[in-house]
Structure formats: C-alpha cells, structure tokens
Amino acid sequence: MTEVGEKFEAERLLTAGAVREAANQMFLLADSWGLPEWRLDMSRMDVAADLTVQTVRANYPDLNVPFHARWRHFTAAGRDLWDEAQKPSDPLELGRAAFDLVIPSVLLDAGAGPTWRYRDATGAELSRSEGLGVASLRMWEAGALDDLSAVTGASVAEAFQVSDNNPLLGVEGRAALLRRLGATVGRPCKLFDLMTARAKGGKLDAEDILEVLLRELGPIWPGRLSRGGVPLGDCWPHPIAGHGVVPLHKLSQWMSYSLIEPLQWAGIEVVNIDGLTGLAEYRNGGLFVDTGVLVLRDPDDARMAHPVDSPVVVGWRALTVALLDRLAPMVRKRLGVTTKAFPLACVLEGGTWAAGRRIARQLRPAEGGPPIAVISDGTVF
C-alpha cells in the first residue's frame, strides 16, 4: 500500500463507522462459526435483554436515564462532588474546566482490579470506576492536573492511596498516559475550543467529538499500530478480520460520551449521539459472556489470562460492539421507549454496563471481575 493509501486507511479507521463495520464483520464470522475463538448463541439474547431491563428499572424506575459518562462516577456518600466543586459560572469557562477534569479522569479509568479501594473525605469507601472517578476529581480540585507533564507514578499512587495492601493496576501506565496528554495537547480545555469551533448553528455532531479526540490524542497511546505515520490508537490486528485491523476506540468513545454534557452546558446542542458505538469493555462484554450469548470455543481459554492484543480479546471486544447494537432495540421494546428518548448512551448506562457488573457479582462474588482475564497496561479497559 502506498503512503497515500495508508493515510487514507488511517482516516477510515479513525471513525465510529469503521468500529461498527469491523464489529459487524466479526459478528458475521462468529455467526457462521468462522471465528476460531468464539461462537454465538443468539437464543440467549432474551436473557441478556431481560437482565438489562430489570437493571434499568431497578436503577431508574422513572426511566430517566442519563448518558453513560464519567459524570456518573463523581458521587460519594450520596453527594454530587462535581456539583459541590468550585468552578466557573461562565458557560464557556465551565465547559473548559469540565474538559480539564473529565479527559484526564477518563484516561485514569482503565480498570482498578478487584482489591483496590479509595477512602474519600466524605467517609465513603469506593472501588473500581466510582473510586477512580472520585480520586481523579480530588486530584483536579487539588490542582494536581493543572500541569500534566508533572504527573508521576508516585503522584498518582499517592492520590489514589496505593500501597502494598491497596494495589492498583497500571499506575505507571496511567501516569505516563497523562504526561503524553500534556505533551501532545497541553491543557485538555484546548479540545473544547477545537470542538466548539466545529459547531454549526449551535449544533455539533457526536462523531465530530470523536474525530477531534482521535486526531488530537492519537500520539498519546503507547506502542500502538500506525498507518502512513498516523497513530491508530485502540486498533488491533486480528488474523481473519476483513482489513486485518479491528478498530474499537473504547476510551475515546467513552470520553466522547462524557464530553457531551460539558458542551451542552456551554450552549452547544450535540446531535447524532447514536453515531457513536457501544463500548468494547469488560462490563458490556462480560454481560454477553455471562448470559451465554458469547461462548468460548475452547473452554481452556476461560482459565488463562490473555494479552489485550490477542485474538480472544480483540474478538470479544468487537463482538461486544456488534451485540450492543442488536440488544439496544430489544431493551427499548421491553421498556416501551423510542430510540430518540433512549439512545445507546442510555442503554449503556441504565443498562448493559450495570447489568454486566450485576451478573459478574452474582457469578463471581469474591471479586466481581470479568469472565475473561485480560493482561492490560492500564490504557485500554
């Protein structure tokens, strides 16, 4: 492939459309027994849909479900810590401040492991995403995210209360990611200005949010694939994928969902939210494994840890995206809601992510972790 062709391919891979296309290709392969690692049992989709609906109704009886975003994780002891925080009153400055918090916070949330805990000043003891969220908000309040180039593994460990008795996965990887973020874009609020400049008539397409993130943040991801000198981020090789590479962009898409509200606070209407895809992470993916929709062809694969770039994990993540698109209308039908009133971002929050956590705790009460162990550097999940 020529350099021009490689750059064109990079442009294609850095889109939500490419994620959805690759996911559907993997689905068709699995559905015809063409994936060596996974098979599908679509008869179990009703089980996954019913569990998701039960979870939505339990968590949001009025069906007023917010978007799946980092903002849901800034609460402790029943208090909204972002609401309590000192922040600008001017809408544009508020949006910039929110970007300075939520972008590093999303990057810090790459899985915590089963034993890590954060003890907040409110008295709350938090784990997993909620603990990581509150710990990152406290870092932001303390000014520790003002200069991302100064973030170290030691400073992250201190802020997140890491010790031999309270281990956190991938501390050095998280710190290095924030330093690369600072070196690449400076303050994250720069991205707020880039996005608002793209708004037309006060409206911004959600896919434009993702495009800005993928273009501007591409260089921060360590040791990833590139095409024509363009870093591809969360894209992974797979031996039988249609184009040889499977794009997923999990953290970037979750970040995109998390930036919708700050843009709305600044007066920007975000449209085409369902242009983004479901998130290829272990709670959504675990829902499909634990309900029997996704089945490992080799049972021994469930008893070992897999690198994040392995065919087992890449296939699992891609199939998760494809299955979320198929589960969403089943959930809406059961709830009696429309796509407009209940976009995929609400299905995820209400929703599949919470249902995946719920069934994991039922099946693996000791740690509530994912059904497939993944060896990660702290920058994917």
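Me: How far apart do the centres of the positive and negative side-chain sets lie in the chain?
Reply: Lys and Arg count as positive, Asp and Glu as negative, with His and the chain ends not counted. Each charge is placed at NZ of Lys, CZ of Arg, CG of Asp or CD of Glu. The chain has 40 positive and 47 negative side chains, and the centres of those two sets are separated by 3 Å.

Me: What kind of model is this, predicted or otherwise?
Reply: Residues are numbered from 1 along each chain as its sequence is written, and side-chain values use heavy atoms, leaving out hydrogens and water. Local features need pLDDT of at least 70, side-chain atom pairs count only at pLDDT 80 or more, and totals for chains, interfaces and linings use all residues, since the model is predicted.

Me: What is the radius of gyration of the chain, and what would a compact globule have?
Reply: It's taken over C-alpha atoms, and the globule rule is 2.2 Å times the number of residues to the power 0.38. Along its principal axes the C-alpha trace spans about 55 × 55 × 45 Å. For 381 residues the rule lands near 21 Å, which agrees with the chain's own 20 Å.

Me: What percentage of the residues count as buried?
Reply: Buried means under 20% relative accessible area, exposed means over 50%, and partly exposed sits in between (1.4 Å probe, protein chains only). Out of 381 residues, the buried share is 56%.

Me: How many disulfides does a search of the whole structure find?
Reply: Cys235 is buried at 1% relative accessible area, and Cys346 is buried at 3%. A disulfide would be a pair of cysteine sulfur atoms within 2.5 Å. The search of the whole structure comes back with a count of 0.

Me: Which residues does His306 touch, leaving aside those up to four places away in sequence?
Reply: His306 is in strand 13, residues 305–307; strands (E, at least two residues) and helices (H or I, at least four) are DSSP runs numbered from the N terminus. His306 is buried, at 5% relative accessible area. With contact meaning heavy atoms within 4.5 Å, its partners are Asp301, Val312, Val313, Ile372, Ala373, Val374 and Ile375.

Me: How far is Val337 from Leu63 in space, C-alpha to C-alpha?
Reply: Val337 sits in the loop between helix 13 (311–335) and helix 14 (344–363), and it's partly exposed at 21%. Beyond residues up to four places away in sequence, Val337 touches residues including Leu63. The two are 274 residues apart in sequence, yet their C-alpha distance is 8.9 Å.

Me: What is the phi of Ala77?
Reply: Most residues other than glycine have a negative phi. Ala77 is in the loop between strand 2 (75–76) and strand 3 (79–80), and Ala77 is exposed at 52%. Its phi is positive, at about 50°.

Me: What is the omega of the bond joining Gly350 and Gly351?
Reply: Most peptide bonds are trans. Gly351 is in helix 14, and the bond joining Gly350 to Gly351 is cis, with omega of about -20°.
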